[in-house]
Amino acid sequence: MVGNVSMIVSKTFSGLNENALKYLLPRWMNASTGVVLRLVFGSAFFWILGWCRPNKEIKVTWRDRGLLLLTGIITVFGYMYTLLMGLTYTTPISSSIFIGLQAACIYVICLIIRTDRFSWGRFIGILLGIGGALVCVLTQKQSDVASNPMLGNFYCFLSTVLYSAYMVIEKKFLKRLDNATVSKYTFSGGAITALIVVLASGKWFAPVLTSDIFGVPFLVLAFVLIFPTSLSYLLTDIGLKNLPATVVGLYSNWILIVAAICSYILGQDHFSWWQIFSIALIIASVYFVEKAESTDHRKRIADSASIHSGK
């Protein structure tokens, strides 16, 4: 129950994050600057959280620290950068369609590293998800709300792959470490990388920081930093502690629903039947993957019970 509630709240913030970032990009900040702001703020949040609730019984080795920093450098920075780049060129709904593929991506990663088993239900779900993404890519045209949808959708797909890898890796660490410890190192790794990239490229651009602190741009940025960046990741960690990684990935479908409703209300996307068809395929994909996950979970419980009864 705790895991499911945490994921619903977390992904509601993430869905609103798509619309908030679309509002800010590229007029009030560029993608590189946005990643720096998010990761530096997130790092500070998780370090302070760790100091407020230290757990001396948990031992963090230097190997753990190194691997978590490396995870942040590759997956956290990579995910956030490609997401913001994607939203610069495409719409929140298109971005969310690719985010809806997280469950399928996590399953494929688990198959590759041999921590999960093949099932036809999940395979069908993956095919439907790929079909939904292709419909989005092939039918979306350049418009006033999407300056380069093909490039934007490519970035969004890459961000989904990187975030899926991040969840698989983080799930392993959360079996031994608390969420504040894991996140403070992964976010720090990402923040260091983001700062190096901005300093090396000279692409710092953030008029939002000089705007009125009670104005809409600054308040939208504050929402992005506090809720989707910090609290959402904290709640996702709680979900990962209580639910399988594939189930956590299934909640990405809620991001799609929230972002779609807000995009139509705010005028950040135009209604399209092809887009609705794409969303339907993604939802069907999630259904098949979830059904296969439930079947496999019951089978594992039955096998475990059989082994124990045999003893």
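This is a predicted model: local features need pLDDT of at least 70, side-chain atom pairs count only at pLDDT 80 or more; totals for chains, interfaces and linings use all residues.
Student: Okay, on to α1 and α4. Which word describes how they lie to each other, oblique or parallel?
Tutor: Look at the axes: those of α1 and helix α4 (residues 92-99) come within 9 Å and cross at roughly 140 degrees. Angles over 145 would count as roughly antiparallel. So α1 and α4 are oblique to each other.

Student: Which residues make that contact, and how do they divide by class?
Tutor: From α1 come Glu-18, Asn-19 and Lys-22, and from α4 come Pro-92, Ser-95, Ser-96 and Ile-99. Sort the residues of this contact of α1 with α4 and you get 2 nonpolar, 3 polar and 2 charged.

Student: Now α2 and α9. Why is α2 called oblique to α9?
Tutor: The axes of helix α2 (residues 31-52) and α9 come within 9 Å and cross at roughly 50 degrees. Roughly parallel needs an angle under 35 degrees, and roughly perpendicular starts at 65. That angle therefore makes α2 oblique to α9.

Student: Is the crossing of α2 and α9 left-handed or right-handed?
Tutor: Picture α2 passing α9, with residues such as Phe-41, Phe-45 and Leu-49 of α2 among those in the contact. On the α9 side, the contact includes Leu-221, Pro-228 and Tyr-233. The hand of this crossing is right-handed.

Student: How many nonpolar residues does the contact of α2 with α9 have?
Tutor: Take the other classes to begin with: the contact has 3 polar residues and 1 charged. The nonpolar count is 13.

Student: Which helix gives the most to the lining of the largest cavity?
Tutor: The largest cavity is lined by 14 residues, and the closest to its centre are Ser-14, Asn-17, Tyr-79, Ser-232 and Tyr-233. At least two lining residues each come from α1 (2-24), α3 (62-89) and α9 (216-242). With 4 residues, the top contributor is α1.

Note on methods. Residues are numbered from 1 along each chain as its sequence is written. Side-chain values use heavy atoms; hydrogens and water are left out. On a 1 Å grid over the protein atoms alone, a cavity is a set of points where a 1.4 Å probe fits but cannot get out, and a pocket is an open set with protein on both sides within 12 Å along at least five of seven lines; lining residues have an atom within 4 Å of a point. Axes are lines fitted to C-alpha atoms, for helices over the stretch in contact, and angles run from 0 to 180 degrees between N-to-C directions. Angles under 35 degrees count as roughly parallel, over 145 as roughly antiparallel, 65 to 115 as roughly perpendicular and the rest as oblique. A crossing is left-handed if the near helix is turned anticlockwise from the far one by less than a right angle, and right-handed if clockwise. Contact means heavy atoms within 4.5 Å. Ala, Val, Leu, Ile, Met, Phe, Trp, Tyr, Cys and Pro count as nonpolar, Asp, Glu, Lys and Arg as charged, and the others, Gly among them, as polar.
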